[in-house]
Amino acid sequence: MDTINEDLDLLENLSKKISDLIYINEFSEIPEIDNHRKALLKKITENDNNKKIIKQRIGKLVDNNVAMVRTTEKKLHKLSKNHYKFNNRLEAYSINNK
C-alpha cells in the first residue's frame, strides 16, 4: 500500500512540476518529465491491487491535467494574439517612418 501511495504522490508531483514549467514558459524539460509520468502511470495501472484508490487519484490527476491543458491553450492563444498585435504595430510604425 505504501508503494502505491508513493507512486501516486510522485505522479502528482510530476504533474505539478509540468504545470509550474508551463506557467513560467519553460517547455524544454516537459517531455522528459512527461515520459517519466507516463511510465509511472503504466506501472500504476498494471498493479491490480488497490484499483479503487488508483482510479480516484488518477481521476483527479486527469481532471487537473485537462485544466492545465486548457490554461496552456488559453495562454498560447493570448501570446499568439499579442504577437499578431505587436507585428501590426511594428508594421504601422515602419510604414509611418519611411
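Is Asn 65 buried or exposed, and what is its relative accessible area? Asn 65 is buried, because its relative accessible area is 18%, where buried means under 20% relative accessible area, exposed over 50%, and partly exposed in between (1.4 Å probe, protein chains only).

## Basis of the model

This is a predicted model, in which local features need pLDDT of at least 70 and side-chain atom pairs count only at pLDDT 80 or more, while totals for chains, interfaces and linings use all residues. Residues are numbered from 1 along each chain as its sequence is written, and side-chain values use heavy atoms, with hydrogens and water left out.

## Overall architecture

The chain has three helices and zero strands, and its elements run α-α-α from the N terminus on. Helices (H or I, at least four residues) and strands (E, at least two) are DSSP runs, numbered from the N terminus.

The C-alpha trace of the chain spans about 70 × 20 × 15 Å along its principal axes. The radius of gyration of the chain is 20 Å, whereas a compact globule of 98 residues would have a value near 13 Å. That radius is taken over C-alpha atoms, and the globule rule is 2.2 Å times the number of residues to the power 0.38.

Of the 98 residues of the chain, 21% count as buried. Among contacts in the chain with a separation of 6 or more, 66% are between residues 24 or more positions apart; contact means heavy atoms within 4.5 Å.

## Helix H3

Helix H3 has 46 residues, which should span 68 Å at 1.5 Å a residue; the end C-alpha atoms of H3 are 66 Å apart, so the two values agree. The expected span of a helix is 1.5 Å times one less than its number of residues. The buried residues of H3 are Ile 54, Ile 58, Leu 61, Asn 65, Met 68 and Thr 72.

Asp 63 also lies in helix H3, but Asp 63 is exposed, because its relative accessible area is 53%. The C-alpha atoms of Asp 63 and Leu 8 are separated by 15 Å, and these residues are 55 residues apart along the chain.

## The largest pocket

Rolling a probe the size of a water molecule over the atoms shows where empty space is left. On a 1 Å grid over the protein atoms alone, a pocket is an open set of points with protein on both sides within 12 Å along at least five of seven lines, and lining residues have an atom within 4 Å of a point. Grid points are joined across faces, edges and corners, and a volume is the space filled by probe spheres set on the points.

The largest pocket holds about 180 Å³ of space. The elements that give two or more residues to its lining are helix H1 (2-23), helix H2 (30-46) and helix H3 (51-96). H3 provides the largest share, five residues. Residues that line the largest pocket include Ser 15, Arg 37 and Asn 65. By class, this lining has five nonpolar, three polar and three charged residues. Ala, Val, Leu, Ile, Met, Phe, Trp, Tyr, Cys and Pro count as nonpolar, Asp, Glu, Lys and Arg as charged, and the others, Gly among them, as polar.

## Arg 37 and Asn 65

Arg 37 is placed in helix H2 and counts as buried because its relative accessibility is 14%. Not counting residues up to four places away in sequence, Arg 37 touches Leu 11, Leu 14, Ser 15, Ile 18 and Asn 65.

Asn 65 is found in helix H3. With the same exclusion of residues up to four places away in sequence, Asn 65 touches Ser 15 and Arg 37.

Asn 13 lies in helix H1 and is partly exposed, with a relative accessible area of 46%. Asn 13 and Glu 26 are 13 residues apart in sequence and 17 Å apart in space, C-alpha to C-alpha.

Asn 25 is found in the loop between H1 and H2 and counts as partly exposed at 38% relative accessibility. Most residues other than glycine have a negative phi. Phi of Asn 25, however, is positive, near 60 degrees.

Glu 29 is likewise found in the loop between H1 and H2, and Glu 29 is partly exposed, with a relative accessible area of 38%. Glu 29 touches Lys 17 and Leu 21, not counting residues up to four places away in sequence. Glu 29 and Lys 85 are 56 residues apart in sequence and 29 Å apart in space, C-alpha to C-alpha.

How values were computed: 1 Å grid on protein atoms, 1.4 Å probe; cavity = no way out; pocket = protein on both sides within 12 Å on 5 of 7 lines; lining within 4 Å.
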